[in-house]
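Work through the exercises below with the sequence and the model open. Try each task before reading its solution.

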Amino acid sequence: MVVRVRIPDIVRRGQPFDVRIAIQHVMETGYRLDHSGRTIARNVIHTLVARYDGVEVYRAELGSGIAANPYLQFWITAPASGVLELSWVDDAGVAGSERVPVTVRD
Amino acid sequence: MRARPVACWLLAAVVAIAGCTVVDAGGDNGGDAGGTLATAAQARPRPLQQGSAFAPASLRALQADEFENPGMLWVARGAKLWQQAEGPDARSCASCHGDARSMRGAATRYPQVDRASGRLLNLDGRIMQCRSERQKAEPLAWESEPLLALGAYVAFQSQGLPLRPSIDGVARPFFERGRDRYQQRVGQMNLSCSQCHDSNWGRQLGPETISQGHGTGYPVYRLEWQGAGSLQRRLRSCLSGVRAEMFPYGAQEHLELELYLAWRAEGLALEAPGVRR
Amino acid sequence: MVADSPMKGRRRHLLALALAGGSGVVPVLPPGAAQAQMPTAPPPLGSGYALLVPKATQGAPVRAGRVTVDAPALADNGHSVPVRIVVQSAMRPDDHVRSITLLSDRNPRPVIVKAWLGPRAGRAELSTRIRLNGTQRILALAEMSDGSWWSGQADVVVTESACLDGS
């Protein structure tokens, strides 16, 4: 699973900054058929969690209505420099995570 | 995802297009309106416009955003695969080629004739050849995800450079067959590539604008595919659209058409990974 | 994927024909009845939310406002439609957005995404790309720290591709 995460170059203490994440994932809806007419099992990334220095700051539950190769942008604040950890899991139980160091400036 | 209408816009428009020798004679796009084999000088649309020029503004913006362009996920995977050791000698692409920046310009010269074998290879074919013959690794299948990723990564190195295919010498017969096939009416709709992409580019077909048919963005991320795909997949889409039999991946017909298309788009900037509807 | 309501309609129609055939009776329909058998127009945009919203809020009342849904009026393709949801909120510990829910009343699964933010988010905004099963009204709900619910919506026309793609 390939993931790309982007945060701004400059993060100010206590000021909201945006986190963008894109994950290569088919987000299979469970409504498509394969070439022999069988239903392809649903498999979507159903949960995405953001923790900052271990503290949960954001959580999203995703459904099959999220486009393939899901892209999300959301906002968080950082009281001090630390590590942003993004983790996710799909219906097949495949989990992934990405750690992004954040340097806070005043 | 959505319910499919039984009829499609193309079917609705086919009568108008199929009759273009009359309707569009002396048309406004300088195309080959007569339906006859054009001379080389006439056969390029004027002015030449990038593949992306015909995509909606929202998708052009998506393509231009280095982060949000979903095709960049394939480029990112390709970057990993470039370093990955394969085969008995644990060789990666990087073992021979070093940094992928050494590939700058390479993608602009495909398809090309392989000197040793005399075969016409597109970029994917070259990567497959490298993989089998140099790395001696498990072959990559046409249109497989790793091949699309490596192809996207190598093509991305040439982003912004003009296409510079060679159609001379040993390439000539391949080019000529590709050109003839481009003009050949096919399928139940009895349409050639040229009838849409020379004679009717710039016109609306349902919600879409007919493009000049340049493969400058491939591999592209297509919303319709919900993923990345090669130019051969796009050609298969077109063939299925006109209700013609699709060529298998890697078929000679595809490669020759690709060479003709590359010549037709010569000078346009490579823009992989493109984003299309 | 195919929305199930037109299919159901067609199945009912076929069922009626089969019954008529099986009984050996050719149904004689009064004038106007044939029109009643024709496929009906789709229900008005957003008509599904009367049921979906109370389910999402567990019955809590919802006021319109404070939530903006940015989506293209004309989507290039139903497989991937950009959406941005913005909620007006101070985003302080004592006054913030707890959750944002995006709903569709024409998709097979109505909850597209639900996000929990809290005061650490700093800004109540969420952007993503979604699938839409045809033209519809999408609706976003915001749950505030005081327990109130707010909503906003956007209408999106989903265009079809010009050519069928059998690749």
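**Exercise 1.** Find which residue stands opposite Leu72(A) in β7(C), and describe how β6(A) pairs with its neighbours.

Solution. Step 1: Leu72(A) stands opposite Thr128(C) in β7(C). This is a predicted model, in which local features need pLDDT of at least 70, side-chain atom pairs count only at pLDDT 80 or more, and totals for chains, interfaces and linings use all residues. Residues are numbered from 1 along each chain as its sequence is written, while chains are lettered from A and ligands numbered from 1 in the order in which they are written.

Step 1: β6(A) and β7(C) (residues 125-130) are antiparallel and share two bridges. Strands are DSSP runs of E with at least two residues, helices are runs of H or I with at least four residues, and both are numbered from the N terminus. Two strands pair if DSSP finds at least two bridges between them.

Step 2: Within chain A, strand β3 (residues 17-23) pairs with β6(A), also in the antiparallel sense, over six bridges. Here the bridge partner of Ala22(A) is Tyr71(A).

Step 3: Five of the six residues of β6(A) are buried. A residue is buried if 20 or more other C-beta atoms, placed from the backbone, lie within 10 Å of its own; it is exposed at 12 or fewer, and partly exposed in between.

**Exercise 2.** Describe the contact between chain A and chain C.

Solution. Step 1: Chain A gives 22 residues and chain C gives 26 residues. Two residues are in contact if their C-beta atoms, placed from the backbone, lie within 7 Å.

Step 1: On the side of chain A that touches chain C, β5 (55-62) and β6 (71-76) of chain A each supply at least two residues.

Step 2: That side of chain A has 13 nonpolar, six polar and three charged residues. Ala, Val, Leu, Ile, Met, Phe, Trp, Tyr, Cys and Pro count as nonpolar, Asp, Glu, Lys and Arg as charged, and the others, Gly among them, as polar.

Step 3: β5(A) runs antiparallel to strand β6 (residues 111-116) of chain C, and four bridges join them. Glu61(A) has Lys114(C) opposite it in β6(C).

**Exercise 3.** Which residues touch the most other members of the largest nonpolar core?

Solution. Step 1: A nonpolar core is a set of buried Ala, Val, Leu, Ile, Met, Phe, Trp, Tyr and Cys residues joined through C-beta atoms within 7 Å.

Step 1: The largest core has 116 residues, and those touching the most other members are Tyr58(A), Ile76(A), Ala152(B), Ile100(C), Ala121(C) and Ala142(C). Helix α7 (residues 145-156) of chain B brings the largest share, nine residues.

Step 2: Beyond its neighbours within four places in sequence, Tyr58(A) has contacts that include Phe74(A), Ile76(A), Leu117(C) and Ala121(C). In soluble globular proteins, nonpolar side chains tend to be buried together.

**Exercise 4.** Trace the pairing of β7(A) with β4(A) and β8(A).

Solution. Step 1: Strand β4 (residues 45-52) of chain A is antiparallel to β7(A) (residues 82-90), with seven bridges. Ile45(A) has Asp90(A) as its bridge partner in β7(A).

Step 1: β7(A) also pairs with strand β8 (residues 95-102) of chain A, antiparallel over eight bridges.
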